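Welcome! Take a look at it first, and then read on.

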Amino acid sequence: MRTRPASAPAPAPASAASSARPEPAGGRLAGLATMVGSGLSNQTGAAIGSLAFPVLGPLGVVAVRQYVAALVLVAVGRPRTRTFTWGQWWPVVLLSLVFGTMNLSLYSAIERVGLGLAVTLEFLGPLTIALATSRRRVDVCCAAIAAAGVVTLMRPQPSTDYLGMALGLLAAVCWASYILLNRTVGRRIPGAQGAAAASCLSALMFLPVGVIVVLRHPPTTGAVACAVAAGVLSSAVPYVADLFTLRHVPARAFGLFMSVNPVLAALVGLIGLGQELGAPEWAGIGAVVAANALSILTSRN
């Protein structure tokens, strides 16, 4: 899971939109290229981070990721925490808890069931929110398609890792909570200050974890480098890239490409980690992606 922009730019008024210049072709192409790079960076970072599991474990890798995310978001958001009221602090605290749990459950799932399946299960979080808030018949069909994909992915087999699947679903619940809490934080705290403050709190919570991991299992230089690379590629690069992309690519196109992340994760897992998937797994991933894509393509807003 990556660190995402706390809020997208607000749509322009109708009068301004009608008089605005169309986005140049070069800007759109740059935005699309940035989207592709962001998705590949995110999944490649997770794959590289998994290489440090034998030394640091998912807990240690996530701790380093939280530190990197905090550094990036504080530099961008520059939170003025002394001015926060209790009404602003409590969603920030909840967001920090969800942020840490989301990444920890995702990386733990990656260790057990592989990158492609873990990311696909996590993606059910935002997909569920999108479908649950709709009253359209087509979204009922999308929900049925996604459910069929999940049943395919989680079908009983001798080698099925139910704990790994459960961790992937926990990551999905956390991502859905992350989205809802980000909306609350975004309404109460201007800019990226709320997300930056939440990332700082999350990093502080993982600080004792990092100390314990270092004392129990002294990390190698390679393992630390992999964990730092995961933080940079899966947090810093996507965050900056998405801010750029949202200025040049329509929200619908952005959301549609986001739905391809499970496929990118499966491909990166296959090529980079040798995690092969069978035809049923690919079909399940395809069903989840298709459900989201269909919902976005048929949406009027």
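Predicted model: local features only at pLDDT ≥ 70, side-chain atom pairs only at ≥ 80, totals over all residues.

Residues are numbered from 1 along each chain as its sequence is written, and side-chain values use heavy atoms, with hydrogens and water left out.

**Salt bridges**
- The structure holds three salt bridges (a side-chain nitrogen of Lys or Arg within 4 Å of a carboxyl oxygen of Asp or Glu).
- One of them joins Arg112 and Asp161 at 3.0 Å, N to O. This pair links distant parts of the chain, with Arg112 in helix 4 and Asp161 in the loop between helix 6 (137-153) and helix 7 (162-188) (helices are DSSP runs of H or I, at least four residues, numbered from the N terminus).
- Another brings Glu281 and Arg155 together at 3.1 Å, N to O. Glu281 sits in helix 12 (residues 279-297), 126 residues apart from Arg155.

**Helix 3**
- Arg65 has its place in helix 3 (residues 53-77). Arg65 is buried yet has no salt bridge, and the nearest side chain of opposite charge, Glu122, is 7.6 Å away (buried means under 20% relative accessible area, with a 1.4 Å probe and protein chains only; Arg and Lys count as positive, Asp and Glu as negative, with His and the chain ends not counted).
- Pro58 also lies in helix 3, and is buried at a relative accessible area of 10%.

Methods:
Helix = DSSP H or I, 4+ residues; strand = E, 2+ residues; numbered from the N terminus. Buried < 20%, exposed > 50% of the residue type's maximum accessible area, 1.4 Å probe, protein only.
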